[in-house]
Amino acid sequence: MRLRAEEHAAEAHEHEETAQDTHCVSFKESGKSVQVASGMTLHAAAASAGLTIPKACGMGICGTCRVRVLEGETEMNHNGGITEEEIDEGYVLTCCTKAKSDVSLEY
Ligand code: FES
């Protein structure tokens, strides 16, 4: 009986790790979604879902790849290509933003 409980605990733990390592990124207007590794940018996630978000600098400077996050946690490392107001409105620069949870984007 005890062994079973331990096995269950081990399985649950494995499951947790998997859940942390990948996130579901969904695109509301396109009706697509994709499961991605947590280190992947939202722009790369879109590409793997077959979507092309316009992109120019790829470094968080120009603002071309800006998309609004509807739900979920993200982490952005931009280089000035977005204003505080835009961030307050929920926008991120997809070329330099990663999902920290399952996220839903407006795109
Ligand atoms: S492509 Fe320039 S900020 Fe993302």
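A: Begin with E106, which lies in the segment after strand 7. Keep in mind that the model is predicted.

Q: Is E106 buried, partly exposed or exposed?
A: The general idea is to count the C-beta atoms around a residue: 20 or more within 10 Å is buried, 12 or fewer is exposed, and partly exposed lies in between. E106 has 13 other C-beta atoms within 10 Å, so E106 is partly exposed.

Q: Which residues does E106 touch, apart from those up to four places away in sequence?
A: E106 touches K28, E29, V67, R68 and L70. Take V67 as a case: E106 and V67 are 39 residues apart along the chain, and their C-alpha atoms are separated by 6.7 Å.

Q: What share of the contacts in the chain join residues at least 24 apart?
A: Among contacts between residues at least 6 apart in sequence, the share is 53%.

Q: How many helices and strands are there in the chain?
A: There are three helices and seven strands. Along the sequence they follow the pattern α-β-β-α-β-β-α-β-β-β.

Q: How do I read a sheet, and what is the order of the five strands in the open sheet?
A: Strands of a sheet pair through backbone hydrogen bonds, either parallel or antiparallel. Here the order is 2-1-7-3-5, and the pairing is mixed. Strand 2 (32–37) and strand 5 (91–93) stand at the edges with a single partner strand each, so one side of each has no neighbour in the sheet. From one strand to the next, the twist averages 35°.

Q: Which way do strand 1 and strand 2 run, parallel or antiparallel?
A: Strand 1 and strand 2 run antiparallel and are joined by six bridges. Within this pair, T22 stands opposite A37, and C24 stands opposite Q35. The two strands form a hairpin with four residues between them, where G31 takes a positive phi near 70°.

Q: Do strand 1 and strand 7 run parallel or antiparallel?
A: Strand 1 (residues 22–27) and strand 7 (residues 103–105) run parallel, with three bridges between them. S26 has S104 of strand 7 as its bridge partner, and F27 stands opposite L105 in strand 7.

Q: How many bridges does strand 3 make with strand 7, and in which sense do they pair?
A: Two bridges join strand 3 and strand 7, in the antiparallel sense. V69 stands opposite L105 here. Strand 3 also runs antiparallel to strand 5, with three bridges; R68 has Y91 in strand 5 as its bridge partner.

Q: How do I tell the two faces of a strand apart, and which residues form the covered face of strand 1?
A: In a regular strand the side chains alternate between the two faces of the sheet. In strand 1, H23, V25 and F27 form the covered face, whereas T22, C24 and S26 form the uncovered one.

Q: Is V69 buried or exposed?
A: V69, which has its place in strand 3, has 21 other C-beta atoms within 10 Å and is therefore buried. Leaving aside neighbours within four places in sequence, V69 is in contact with T74, G90, V92, V103 and L105. V69 and F27 are 42 residues apart in sequence, and their C-alpha atoms are 9.4 Å apart in space.

Q: What should I look for in a core, and which residues of the largest nonpolar core touch the most other members?
A: In soluble globular proteins, nonpolar side chains tend to be buried together. The largest nonpolar core here has 18 residues, and V25, L42, L93 and L105 touch the most other members. Strand 1, helix 2 (42–48), strand 3 (66–71), strand 5 and strand 7 each supply at least two residues of this core. Helix 2 gives the largest share, three residues. Across the chain, buried residues make up 24% of the 107 residues.

Q: What does L105 touch, not counting residues up to four places away in sequence?
A: L105 touches V25, F27, K28, L42, V67, R68, V69 and L70.

Key. Residues numbered from 1 in each chain as written. Predicted model: local features only at pLDDT ≥ 70, side-chain atom pairs only at ≥ 80, totals over all residues. Pairing = 2+ DSSP bridges. Axes fitted to C-alpha atoms, helices over the stretch in contact; angles between N-to-C directions. Contact = placed C-beta atoms within 7 Å. Core = buried A, V, L, I, M, F, W, Y, C linked by C-beta atoms within 7 Å.
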